[in-house]
There are 2 protein chains.
Amino acid sequence: VAGFAEPIGRLIDALKLLPGIGQKSATRLAFHILKRPPEEAAALARAIQDARARVRDCDVCGNFSEGEMCPICADERRDRGAICVVEEAANLPAIERTGLYQGLYHVLGGSLSPLRGVGPEDLRVGRLVERIREGGVREVILATSPNVEGEATAVFVAGIVRPLGVRLTRIAQGLPVGSEIEFTDDMTLGKALESRREF
Amino acid sequence: VAGFAEPIGRLIDALKLLPGIGQKSATRLAFHILKRPPEEAAALARAIQDARARVRDCDVCGNFSEGEMCPICADERRDRGAICVVEEAANLPAIERTGLYQGLYHVLGGSLSPLRGVGPEDLRVGRLVERIREGGVREVILATSPNVEGEATAVFVAGIVRPLGVRLTRIAQGLPVGSEIEFTDDMTLGKALESRREF
């Protein structure tokens with residue numbers, strides 16, 4: 001930014017690498033950081049550094065973890081008979097917040113995308129097969145996103161899991177709660193009709 | 001966040017202190033940081049730390065600065081006869097981007113707000129008076145925001161600057177470029193009428 005000291009420009013550039021943060025937001029964040037007490041800036045810098053240095057992938061499910069096993073895999077109260085397959089660890093909080101799922105997870109680490117050069121070999125499916133073969137798994141829930149890449153990924157994982165003989169399910173597609181039929185797109189309404197249930 | 005390693009929770013909490021960043025955005029930013037190479041996280045942490053440690057207020061105008069004098073005050077090509085008074089250093093980039101102002105600035109460091117407990121003694125006005133008394137200043141432009149606090153601040157600064165005998169101006173209020181009269185609020189339209197110019 002013209003008229004500003006060089007460390008400010010570098011801070012703005014670093015903040016701009018974050019998702020959804022453009023030039024204006026980055027500038028606003030930088031000015032906020034400069035106006036706050038030095039300890040607050042130091043704490044933020046340390047939290048970033050620390051999290052990146054100390055957090056790794058869970059050896060079992062691929063979720064973010066401090067040790068070999070993430071808090072969910074290590075939690076003995078979780079139902080070991082269910083594995084919910086998600087694309088990214090970032091998808092877990094949404095599912096956890098529902099309070100309706102007590103099983104384990106498996107993080108693929110992405111979704112199939114020829115465009116972005118992500119192929120089957122880039123997804124953590126081998127470890128999923130191992131987990132199922134180790135026994136005790138009743139059901140695998142495919143919770144990839146209901147978009148082109150997520151669907152392709154679900155089909156791919158299903159092809160590998162199905163021969164293993166566990167129950168295979170897919171999260172439902174339909175109208176979002178609180179939405180209006182009038183403003184629902186045709187694809188979603190079509191899926192909602194197809195997936196209709198007894199009332 | 002439930003199910004996540006503790007350093008992630010701390011990173012999310014630190015990010016939530018930034019303006020406009022709630023729980024969801026903070027979580028998204030944290031996951032992004034965790035997925036990027038460690039060097040990128042380290043660079044961001046260092047940029048935050050560095051900027052906060054190395055940036056101080058310009059002794060002359062109060063703008064963010066690395067040394068005693070900010071790049072604008074130090075720039076000999078700037079017109080030393082004009083001082084544009086703003087509330088915060090964060091307001092400068094917007095004015096600089098117009099490319100229409102070549103003078104200097106004076107950063108008050110806030111705006112009068114009885115509610116937030118900001119009084120006249122909290123604003124950098126003494127230094128502004130000194131700068132005018134040092135001579136060479138033709139015009140002081142009041143570029144505080146056109147809201148209640150900004151107006152009160154402009155009136156307060158005007159009361160102090162007017163006796164010094166320099167030209168005193170206020171940035172114009174009117175319809176934003178590209179807006180429509182039909183959807184303009186009454187106050188803005190009123191100001192636009194009051195400030196009408198020969199065409």
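I started with the exposure of B:Asp50. At 22% relative accessibility, B:Asp50 is partly exposed (buried is under 20% relative accessible area, exposed over 50%, partly exposed in between; 1.4 Å probe, protein chains only). The model is predicted: local features need pLDDT of at least 70, side-chain atom pairs count only at pLDDT 80 or more, and totals for chains, interfaces and linings use all residues. Residues are numbered from 1 along each chain as its sequence is written, chains are lettered from A in the order in which they are written, and side-chain values use heavy atoms, with hydrogens and water left out.

Next I looked up the partner of B:Asp50. I found a salt bridge to A:Arg10, with the closest N and O atoms 3.6 Å apart (a side-chain nitrogen of Lys or Arg within 4 Å of a carboxyl oxygen of Asp or Glu). This pair crosses between chains, from helix α3 (residues 38-54) of chain B to helix α1 (residues 6-15) of chain A. Helices here are DSSP runs (H or I, at least four residues), and strands are too (E, at least two), numbered from the N terminus. A:Arg10 is partly exposed at 36%.

I then checked B:Arg54 and B:Glu66. Their side chains meet at 2.5 Å, N to O, in a salt bridge. B:Arg54 sits in helix α3 of chain B, and B:Glu66 in the loop between β2 (64-65) and α4 (71-74), twelve residues apart. I traced a salt-bridge network through A:Glu6, A:Arg10, B:Asp50, B:Arg54 and B:Glu66.

Last, I turned to A:Glu96 and A:Arg78, a salt bridge at 2.8 Å between the closest N and O atoms. A:Glu96 is buried at 18%. A:Arg78 is buried at 10%. My count over all chains is 34 salt bridges.
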